[in-house]
Amino acid sequence: MENNLMVAQATMIAMALAGIFTVVLPLGLGIFFWKRTGGRWRFFFLGCVVFPVFAMVLEQQAHRLLLGGPLGPALQGNLWLYALYAGLMAGAFEECGRWLALKLTLRWSRGPEDALMYGAGHGGIEAVLLAGMTMLNNIIISLALNQGGLAAVEDFMGPIPEAGMAAIQGMAAAPAGLYFWTAFERLSAVGLHIALSVLVYTAVRKRGAWYWFPAAILIHTLVDMAAVLTNALFPVAVTEGTTALLTLGVIFLARTIYLDQKQKTS
């Protein structure tokens, strides 16, 4: 049965659309913020650099040390504990990277509009690297699978481990609509990164507003924790709906802070 695995054309189209969306969304937001607010591209590209360094290099090294050590079984054996751990690690590393980037470049910033550009770049490169590249990889595997079966996939990937086989089977069985949730997830994630960038920028720039930095870490932790828990316990619609609602609340808060900062810098 495994040799007869096929991925529907509609599913591959959905993958392609989701992948394209991960590129178009951040670029579109960057252009919008640049034209509408005067935010500068240097901050967009700064976000594109900071995310992979702090989230994909430093954070991953910390995961290897902690999950590979004596605490690993305890953290991974309890869903609530793991959700708290995953959320706190993402919040701490990404917000520290955001704070450091905005602090070091404060002298070049004209106002909170640069925080919008930074957030679009930070969240945008995350979307491309995590979702966009995954969709591209899925499409390549799907084409190989449809043309030559598992043998063609093995020619491309090498021997397929048990976990890889389960992933391929899941990909072949997944309905096309499931991949549109990937695009929706990235929309929420980019929105959250933009909002958190405004909070951290305010902590950096406004005297006495330091508390927005730990607040950003806490908010990031709670949103990611909610995503891990709902993903394990409920259907994908509940996970993405919960994340979107939480993100909208953070965006509303950030909008109020942004308008206040904008008024003071204009």
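1. Ala216 is buried, with a relative accessible area of 0%; here buried means under 20% relative accessible area, exposed over 50% and partly exposed in between, using a 1.4 Å probe and protein chains only. The residue sits in helix H8, where helices (H or I, at least four residues) and strands (E, at least two) are DSSP runs numbered from the N terminus. Not counting residues up to four places away in sequence, Ala216 touches Glu95, Leu196 and Val200, with contact meaning heavy atoms within 4.5 Å. The C-alpha atoms of Ala216 and Gly91 are separated by 7.6 Å, although the two residues are 125 apart along the chain.

2. A word on conventions before going on. This is a predicted model, in which local features need pLDDT of at least 70 and side-chain atom pairs count only at pLDDT 80 or more, while totals for chains, interfaces and linings use all residues. Residues are numbered from 1 along each chain as its sequence is written, and side-chain values use heavy atoms, with hydrogens and water left out.

3. Now the overall picture. The protein has 9 helices and 0 strands, and reading along the sequence gives the pattern α-α-α-α-α-α-α-α-α. Its C-alpha trace spans about 65 × 45 × 30 Å along the principal axes. What radius of gyration would a compact globule of 266 residues have? The value would be near 18 Å, and the 20 Å of the protein agrees with that; the radius is taken over C-alpha atoms, and the globule rule is 2.2 Å times the number of residues to the power 0.38.

4. Of the 266 residues, 47% count as buried. Among contacts with a separation of 6 or more, 80% come from residues 24 or more positions apart. The protein exposes about 13,500 Å², and carbon and sulfur atoms supply 69% of that area; the areas come from the Shrake-Rupley method with a 1.4 Å probe, and for residues only the protein chains shown count as cover.

5. The mean positions of the 16 positive and 14 negative charges are 22 Å apart. Lys and Arg count as positive and Asp and Glu as negative, leaving out His and the chain ends, and each charge is placed at NZ of Lys, CZ of Arg, CG of Asp or CD of Glu.

6. Leaving out residues up to four places away in sequence, Arg186 touches Thr22, Leu25, Glu126, Ala127 and Ala131. Arg36, found in helix H1 (residues 9-37), counts as exposed at 63% relative accessibility.

7. On the cysteines, a search of the whole structure finds 0 disulfides, a disulfide being a pair of cysteine sulfur atoms within 2.5 Å. Cys48 is in no disulfide, and its nearest cysteine sulfur, that of Cys96, is 20 Å away. Cys48 is buried, with a relative accessible area of 18%. Cys96 is likewise in no disulfide and counts as partly exposed at 35% relative accessibility.

8. Thr105 has its place in the loop between helix H4 (79-104) and helix H5 (113-157), and is buried with a relative accessible area of 11%. Its contacts, leaving aside neighbours within four places in sequence, are Phe43 and Leu46. Tyr211 lies in the loop between H7 and helix H8 (212-233) and counts as partly exposed at 39% relative accessibility. Tyr211 and Met89 are 122 residues apart in sequence and 19 Å apart in space, C-alpha to C-alpha.

9. Last, Ile141 in helix H5. Which residues is Ile141 in contact with, leaving aside its neighbours within four places in sequence? They are Val153, Phe156, Met157, Ile168 and Met171. For one of these, Ile168, the C-alpha to C-alpha distance from Ile141 is 8.3 Å, at 27 residues apart in sequence. Ile141 counts as buried, at 6% relative accessibility.
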